[in-house]
Amino acid sequence: MSNEKDTNDPPEEDAAPPDDSAPDGAGEDVRSPSGNGEDAPDEERRGRSGDEADHTEPIDDGFREPEVAPVTGDDPADGSEPEDDLENDDLENDDLGKGDLENGDREDDQAIVPGDGGIDSEDGGIDDLGSTVEVEGAEIDEDPDEDDLLGGLKIDTTAEISIPDRLVDQVIGQEHARDVIIKAAKQRRHVMMIGSPGTGKSMLAKAMSELLPKEELQDVLVYHNPDDGNKPKVRTVPAGKGEQIVDAHKEEARKRNQMRSLLMWIIIAVVLGYALIIVGQILVGIIAAGVVYLVFRYLNRGSDAMIPNLLVNNADTKSAPFRDSTGAHAGALLGDVRHDPFQSGGMETPSHDRVEAGAIHKANKGVLFIDEINTLDIRSQQHLMTAIQEGEFSITGQSERSSGAMVQTEPVPTDFVMIAAGNLDAMENMHPALRSRIKGYGYEVYMEDTIEDTPKMRRQYVRFIAQEVTKDGRLPEFTAEAIEEVILEAKRRSGRKGHLTLHFRNLGGLVRVAGDIARGEDADFTTREHVLQAKGRSRSIEQQLADDFIERRKDYELQVSDGYVVGRVNGLAVMGEDSGIMLPVMAEVAPSQGPGEVIATGQLKEMAQESVSNVSAIIKKFSDENISEMDIHIQFVQAGQQGVDGDSASITVATAVISALENVGVDQSLAMTGSLSVRGDVLPVGGVTHKIEAAAKAGCTRVIIPQANEQDVMIEEEYEDMIEVIPVSHISEVLDIALEGEAEKDSLVSRLKSITGSALKDQGVSGPSSPSPQ
């Protein structure tokens, strides 16, 4: 690093103003000299060197800035350098933002400094972080058993696991996203993260603020403009100096007011004495004294108007600022000017005192995080785009009916790194130009929902549980058996064989509930039994509703789980993401009064309607009946207002219709789920584990699932002996299992086998990585 003076030091001109018109600490003009737009280099917009900033021309404010030195208690005449006394203690020894960094040589000088989240060159390069993070603090078996859920960790409780200091090292599973955040922090790039809720987007955003160099954090002051009160002036000074400048102004205003008050009382005493002794008119004297009093009070208000407004105060900021503006309204995001009902008679509040900073201004030199970016209105997105492009944004009133709309400040710095986040639908309603800015000057990252189950990842999940216990601060430590049960639940919630879920917010909820149960029992540790209880107590609303529906149907005998019924099949569906429910499907064939058609009821969504059409194609293909003269009615019984979305009921519909056409009963102790191709192949669906459990709760003894989903089945132990899981790959297998009798179905099944082929067998098709959850 350079041996030159730290550019965080305030310029020497700040110790004593060069003339009566230059405010102390005005050293840096906020307006960008480049005036460039989209094509301007990042370095021009994001950071100018301290020397360049120090030579900004002073602007005549119409008043003399008070000396700041007396506020610090130092005498500038003793030979000391007052600018050092004005230095923020945190900036004095921080070399993160000086010299080479300001000139763009970031790659050579940036590495992680333990403890302050900045970048230095003594603790290894920043590229050493990321996916190499390992669990520390416990002995690890180098060749762990495949069934060891702890991944080879030899521990008794989570107390033996050490937690990394850095937030970026606590991120689990999202290795690609973590490495992108590290690179983006190094180069000050914007990032957009898209993925499901609870996968770590906000945590990564906070981690980025720790990695950003502290640079030259600034305070922003707003001054009264004597030429135009509705256009306040803006000045930036080194962090920590803003408070001193404001205090100096207040002290000088106080002294001025004391002198005026003394003079006022002297004049009032003279007026009263003259009126009483010489003129002999006490009433006239009182009136004259009142006039004098009002005049002096008005003059005092003018004096107070010269005190600047500390808009952004970074005096106590130890690292780069982080501002979460998720769901913020326009004023909170972009800044605002308070309404003043008194706009005349000298009673109005000076406009610069009514200015409020927005998140984009408070995030200067730091990170601005906005989740659900698509929920911002278009106007706010456009202004946000301007702030990103120009690196500065003026503050004005956001309400057109407010007096604040008349006020507009000079541009205020907005040199932040933006992290936008959202679900997959965020990209649809996001302003295309804003997304282009982020993509053109940064990265787009997709957050994964699951990750491969490996010993290394299992160890990371052990550390995750230890992190949750440490963060909460009130939970008993987890035993090894309790940790294993949580990891089993992580495997189960992934919905994929050989994977672990990355929905850590929901998984963390299970950890906290288990810990609360243990704490309520005054237990020393959280055990496996506590985790099992927590799994029952932390059920989602959808799970509770599904269980309630099942019980209600039993009460009204709407749930049939034995015998054979023509045209009725027990289908399976999911509610939300983690609960299953049995959904009966009924079919009836009736003579048509015109061209035959397939009529389906039950609030079917588009995909479900398409699956019914696919089923009708198979029926037309094999049936001996002339269905062009028949109407086929399909009913999804008690589907509810949410309707049916997805194609996982395809084999259920096909079985019900074929049963009705052939007048053959369907086994009611059997439930089924699976998608169906037009050739009769059973294709994989999502949520099979939850659907199987729902069938078991409803009293079914067998369940049919797609063969491709067999590897995804991870049901709870209590259901393993209650239900038999039958994987199939073709509709002929479904009918062979579901339909009643041998003679009736033999001809039907044989016709299907001879007419349709098995795409799964011929083409080796496997299930998608993220099947539809319906």
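Mentor: Gladly! Let's start with Phe322, which is partly exposed at 24% relative accessibility. Here buried means under 20% relative accessible area, exposed over 50%, and partly exposed in between (1.4 Å probe, protein chains only). This is a predicted model, where local features need pLDDT of at least 70, side-chain atom pairs count only at pLDDT 80 or more, and totals for chains, interfaces and linings use all residues. Residues are numbered from 1 along each chain as its sequence is written, and side-chain values use heavy atoms, with hydrogens and water left out.

Trainee: How many aromatic pairs does a search of the whole structure find?

Mentor: Rings of Phe, Tyr and Trp (its six-membered ring) pair if their centres lie within 6.5 Å; planes under 30 degrees apart count as stacked, over 60 as edge-to-face and the rest as tilted. The search of the whole structure finds three such pairs. One of them is Phe322 with Phe369, stacked at 6.3 Å centre to centre with 20 degrees between the planes. Phe322 belongs to strand 7 (residues 322-324) and Phe369 to strand 10 (residues 367-370), so their pairing ties together parts 47 residues apart in sequence. Helices (H or I, at least four residues) and strands (E, at least two) are DSSP runs, numbered from the N terminus. Phe369 is buried, at 1% relative accessible area.

Trainee: Why is the pair of Tyr461 and Phe504 tilted?

Mentor: Their ring centres are 5.1 Å apart and their planes meet at 45 degrees, so the pair counts as tilted. Tyr461 sits in helix 17 (residues 455-472) and Phe504 in helix 19 (residues 504-520). Ring pairs also bring in Phe464, making a cluster with Tyr461 and Phe504.

Trainee: Now to charges: how many salt bridges does a search of the whole structure find?

Mentor: Side chains of opposite charge can pair when their charged atoms come close. The criterion for a salt bridge is a side-chain nitrogen of Lys or Arg within 4 Å of a carboxyl oxygen of Asp or Glu. The search of the whole structure finds 21. In one of these, Arg492 joins Glu693, with the closest N and O atoms 2.4 Å apart. That pair links distant parts of the chain, from helix 18 (residues 480-494) to helix 24 (residues 688-697), 201 residues apart.

Trainee: Are Arg492 and Glu693 buried or exposed?

Mentor: Both Arg492 and Glu693 are buried. They also belong to a network of salt bridges whose members include Glu485, Arg528 and Lys535.
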